[in-house]
Amino acid sequence: MSRESRALSGTHFEMGNWGCAEGAIAAGCNFVAGYPITPASEVANRLSARLPQVGGVFLQTEDEISAICSIIGASWSGCKAMTVTSGPGISLMQENIGFAVATETPLVIVDVQRMGPSTGVPSIGMAGDMVQVARGSHGDYQIIALCPQSPQEMFDLTIRAFNLAETYRAPVFLLADGFIGHMREQIVVPPQEEIALTERRVTPNGGSPMDRQDFLDVNVAPMPVFGKGLKAHVTSSCHDEHGMRNLTDPDVMHRYVMRPIEKIISHRDHIVEVENDCKDADIALVSYGVVSRSARAAARLARERGINVGTFRLITAWPFPDREIRELAESVKRIIVLENNTGQMFPYIKAEAAHACRVDFLGPQTLGQIHDPDYIVAKIEEKEA
Amino acid sequence: MSVTEHPLKKYTRSHITRTTTCPGCGNGIAAQAILRGIEELGLAMDDFVFVSGIGCSAWIPSPLFAADTLHTTHGRPIAFATGVKLGLPDKNVMVVSGDGDLTAIGGNHLIHAARRNINLTVVLMNNSIYGMTGGQTAPTTPRGVKTITSPYGSLEHPFDIAPMVAAAGAPYVARWTTYHPRQLTRAIKKGLQKRGFSLVEVITQCPVQYGKASKLGSAVNILKHFKENSVRIEKARQMEEGDLEGKIVVGEFKDIEKAELSEEWVNLRSSMMEVGA
């Protein structure tokens, strides 16, 4: 089937998880592996039917470890590969997420978050994995993570996640939660030709990896994908630019850690997206994902009551939008960070903002429930007093 | 003085001039059996992807073999290789790793790949111990053997790997020792030709760690032990269980045909595409 006919162009009324699955199809994804888990299962359920229709493969693995490993293998075989899970699955995948970072493997990892710790509450959304996706695998690294606020963005940001993964040869997270995943709303799927897609650069000619730079280029080395006679050597152990293991040269060790980090950080302006609606505001409500919907409603209510409140949304959670938060802090008197957790992004936001304004955290009335806009406004008034 | 090049050197990366294996290790016998099998079948290294895990035997293909090589995390090479094979169904995907990697930390992937019947050729090097980390008890260490983590003798029962994988559904399963390089080469060739999951278990010597733990000593002594205690499976089937105590059953445990996963996917996709068109 041609790429032209992959996208289900039109207007739909569907779940966020449907949007994610169709976003993957529209992005050209042709390999998905996963293990059943609430509240993410609908993505895999739909892809198991859709992928064979467009020439792809869906593999239900024996566990989430196998899922992440098999999509890494598929990505090295030239596939656009994705896995989908929830927090417990991410916990199991962490070691091999580090493998994908270290071997510069393009992947999309969808995390439809649920209440934790541990088995927690499968059907209740909670932003419990914000830090574990960025810091959960051992060692130092940078990750890309996007936070959809609606079923439409489950579609749009899944495509963007694939484009970023292919551009930067890196694993990219889509950080949804059970609320967004199960929410039904309008999803507009554009005509396929209007969907901009990025494909990875592939090493053009064969020979030996000793004559090429296959890894550790801050501007992203072409990928020596398997099956093309490139004799690629791929290891997550400390390696040089050719991919060859080196455990003796401190300079190689330094580059092995630093280059994949610099690859993300030096392109952060292209990666980082925020939505700033704080023009002339005194108070900024900073949030992401489903909570940003409550934040907007609360800002409207507050303005009706004469309090000058604006909203600021992290579309990209990682790499952390440090400069954008700094600029925001210098333009308002106060920042209130709203998260459906006990404050996972709050320390990162505070570190960039506290020099310029007051920074508070506000969780929901009851953890796992989305903030009531009236509750947010009442808390603003209380704290303003 | 003329220099004779090793006949299998053409299959190795030219800049790799040494291996990481200890003197007396069985890795070299297995490496030669694999490359000789590839040569005898007339296969090209560009038609291979080699996948290995963590442990001494994972160093057999990586970085030595001049092919696409994927050196993965501990226990997971079969999971990685499953994705590689489904992405490149026309390539030969071979996994080379050890008993600790493939039956302890990675045991679940081994039996599920056998159940799925995905066309991977798995060369499982079984040295009955953890060599690289310094001689700890493995799931294959015989009962009573004193290792660094079973100083009073192992209290556990070992896996009998080949029949376990056969029971999990693999259509081709063979076991040989490093004393049997010709039989081993034939089994690897047969595994490569099998359209399905094939396991070749290689009982191999680790004189440095297992030689010490088992008191079998040097590589030569362990190989003599393999020679004297190996029993062909055809003969073993006629023997009483008690008489097989301490013996190594070698030969072909399974050789059947059954539907293979990567081919099934190719078939499903082409039938779906026809429906779509």
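This is a predicted model: local features need pLDDT of at least 70, side-chain atom pairs count only at pLDDT 80 or more; totals for chains, interfaces and linings use all residues.
A residue counts as buried here if 20 or more other C-beta atoms lie within 10 Å of its own. Six of its six residues are buried, so β5(B) ends up largely enclosed by the rest of the structure. Side chains in a regular strand alternate between the two faces of the sheet. In β5(B), Y172(B), A174(B) and W176(B) point one way, while V173(B), R175(B) and T177(B) point the other way, and all are buried.

As for its partners, β5(B) pairs with strand β6 (residues 198-203) of chain B in the parallel sense, over six bridges, and T177(B) sits opposite I203(B) of β6(B). Getting from β5(B) to β6(B), the chain passes through helix α6 (residues 181-193) of chain B, making a right-handed β-α-β crossover. β5(B) also runs antiparallel to strand β8 (residues 248-255) of chain B, joined to it by four bridges; there, Y172(B) has D255(B) as its bridge partner.

Now for the meeting of the two chains. The contact draws 39 residues from chain A and 33 residues from chain B. On the chain A side, the elements giving two or more residues are β2 (31-34), α2 (41-53), β3 (57-60), α3 (64-76), α4 (87-102) and β9 (233-235). Of these, α3(A) gives the most, with nine residues. By residue type, that side splits into 20 nonpolar, 14 polar and five charged.

Terms used:
Residues are numbered from 1 along each chain as its sequence is written. Chains are lettered from A and ligands numbered from 1 in the order in which they are written. Two residues are in contact if their C-beta atoms, placed from the backbone, lie within 7 Å. Ala, Val, Leu, Ile, Met, Phe, Trp, Tyr, Cys and Pro count as nonpolar, Asp, Glu, Lys and Arg as charged, and the others, Gly among them, as polar. A residue is buried if 20 or more other C-beta atoms lie within 10 Å of its own, exposed if 12 or fewer, and partly exposed in between; C-beta atoms are placed from the backbone. Two strands pair if DSSP finds at least two bridges between them. A crossover is right-handed if, with the strands pointing away from the viewer, the path from the first strand over the helix to the second runs clockwise.
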